[in-house]
Amino acid sequence: MSALNGGALAAAIVVANLVVVLIAMVARRRRRRAATRPPAATGSAALPRLRVGAPGLQGSGKTLLLTSMYRRMQVPGDRGFFVRAPYQQLIELNRWYRQVADPGTDWPRGTSRGEIREFDFDVMTQVGESAQPVFRLGYLEYPGELLTDPDAPGSTAQQRLLESIAQADALIGVVDGLRIWQTYHGDARGRVLLQAALDSMIYSMLTARCPIVFVITKWDLLDDLHADENTRLHIVRTLLMEVDGFRDLVRHHSGNRVLRLIPVTAVGHEFAVLDHGAVRKRPDGRFRPGNVHAPLSAVVPDVLRQVELSVDRATREAIMAEATRKVRLGPLAALRVLSEYAATSAGRALVAAMGGGFIGDAALGLYLDSRVTPDQQSSRVAVLTEADQRAEALVWARRRVVRELEHHVSMLEATLPSSRLGLGESW
């Protein structure tokens, strides 16, 4: 028996030694692979991406808004960031701009039926010594006919439209300022068209859980309503609240959704005139768009605010605890544990709050990063690895941009208090 025990012991020792050798070999191979592996990417592959849908009827000014919005935001100006489109899309946007800004040409063609145009805008800011993207905005522009007319036999365009609206992280509903002007001045046909336009948008918006910005285009046509802009906006807001679908949406979501009403003029107050019911360019017009950057600037702050509104106190506290734990990690390690967090009850509540679209690993990181204070960030930079420091620089740059966007939204609300809809107001 002792001989057998001795043989078994010897065999066990041999096996144990083999296991140790194998583990050492695997560890060495992993170290060699880690040494030759490039640093973790911090570029566009890991960028948080928000999908923004922009429904609006034909002729409401969607293309003009997009053109002027990009033109205004493609350079930093007085901001610490700018947006950049892929070069092929830039060519198209510049072509539209030339058509819009030239008093001697017609307005550019709108979106044709069945054509859903999607643009990718990288939000750029200075990271170290170069400008880098910190997150991405996917902007979808829909043809207005898909909201109002029956779909062609065999076509799936209308279904794709409704699906893309349902999956959007934020919606920019484009309301034609001409129809508002006509309604205000007693034009019965204008009121019918305004009601039809809002009915078409409200149908898909009532079940969406994302923030909504209603944009009043052609704001320059409404200058005669009142000299003060906020008073003018309040007049328009009161008029819209008399429209059944619009009023119902605001009432239904007044306590748990971010809703805005933002006036914009894609051409300026001295470029176009209303001539026998048609908007025409003035031969001597001055092209000076106004407030066109505001709708897109509100998207990220509104999405983050929507998370706060959509979860209960216990979930918010759990999220803050996760943000605090994440601060103690380097950003690369933190990114790896985010998928685990998404499986927790707080993580599931956060995903459910945003409809499962915006909250992926990188986007969840954006939300948690936005909860971190500057002193928490600076206290850990010194102990990070070189790769983590590069990732941390990107995270901190992203956080700066988010805070600047939040500042822009605060300024908008201070200047135009009537732009904020809902949140406990009684109607």
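Which strand is joined to strand β6 (residues 212–216) by 5 bridges and runs parallel to β6? The partner is strand β7 (residues 259–263). The notes below start from the basis of the model and return to this pair under point 3.

1. Basis. This is a predicted model in which local features need pLDDT of at least 70 and side-chain atom pairs count only at pLDDT 80 or more, while totals for chains, interfaces and linings use all residues. Residues are numbered from 1 along each chain as its sequence is written, and side-chain values use heavy atoms, with hydrogens and water left out.

2. Overall content. The secondary structure of the protein comes to 17 helices and 10 strands; helices (H or I, at least four residues) and strands (E, at least two) are DSSP runs, numbered from the N terminus. Of the 427 residues, 47% count as buried. Buried means under 20% relative accessible area, exposed over 50%, and partly exposed in between (1.4 Å probe, protein chains only). Among contacts with a separation of 6 or more, 75% come from residues 24 or more positions apart; contact means heavy atoms within 4.5 Å.

3. The sheet. An open sheet is formed by 8 strands in the order β2-β3-β4-β1-β5-β6-β7-β10, with mixed pairing. Two strands pair if DSSP finds at least two bridges between them. At the edges are β2 (82–84) and β10 (420–421), each of which pairs on one side only. Strand β6 is joined to β7 by 5 bridges, and 5 bridges also join strand β5 (residues 170–175) to β6, again in parallel.

4. F214 has L261 in β7 as its bridge partner.

5. Burial of β6. 5 of the 5 residues of β6 are buried, so the strand is largely enclosed by the rest of the structure. In a regular strand the side chains alternate between the two faces of the sheet. Both faces of β6 are covered: I212, F214 and I216 are buried on one side, and V213 and V215 are buried on the other.

6. Aromatic pairs. A search of the whole structure finds 8 aromatic pairs. Rings of Phe, Tyr and Trp (its six-membered ring) pair if their centres lie within 6.5 Å; planes under 30 degrees apart count as stacked, over 60 as edge-to-face and the rest as tilted. The ring centres of Y97 and F287 are 5.7 Å apart and the planes are at 70°, so this pair is edge-to-face. Y97 belongs to helix α3 (residues 87–101) and F287 to the loop between β9 (278–286) and α10 (294–297), so the pair ties together parts that are 190 residues apart in sequence. Y97 counts as partly exposed, at 21% relative accessibility.

7. F121 and Y139 form a tilted pair, at 6.3 Å centre to centre and with 45° between the planes. F121 lies in strand β3 (residues 117–127) and Y139 in strand β4 (residues 130–141), so the pair ties together parts that are 18 residues apart in sequence. F121 is buried at a relative accessible area of 1%, and Y139 is buried at 2%. Ring pairs link Y70, W96, F119, F121 and Y139 into a cluster.

8. Charges over rings. A charge sits over a ring if NZ of Lys or CZ of Arg is within 6 Å of the ring centre and within 35 degrees of the ring normal. The charged end of R79 sits over the ring of F81, 5.5 Å from its centre. K281 lies over the face of W107, at 4.9 Å from the ring centre.

9. Helix packing. The axes of helix α7 (residues 188–205) and helix α9 (residues 244–252) come within 8 Å and cross at roughly 30°. That makes α7 roughly parallel to α9. Axes are lines fitted to C-alpha atoms, for helices over the stretch in contact, and angles run from 0 to 180 degrees between N-to-C directions; angles under 35 degrees count as roughly parallel, over 145 as roughly antiparallel, 65 to 115 as roughly perpendicular and the rest as oblique. Q195, L198, I202 and M205 in α7 meet D244, G245, F246 and L249 in α9.

10. Two serines. S68, in helix α2 (residues 62–73), is buried with a relative accessible area of 3%. Not counting residues up to four places away in sequence, S68 touches A266, F287, P289 and V292. S297 is found in helix α10 and counts as buried at 3% relative accessibility. With the same exclusion of residues up to four places away in sequence, S297 touches M73, L405 and V409.
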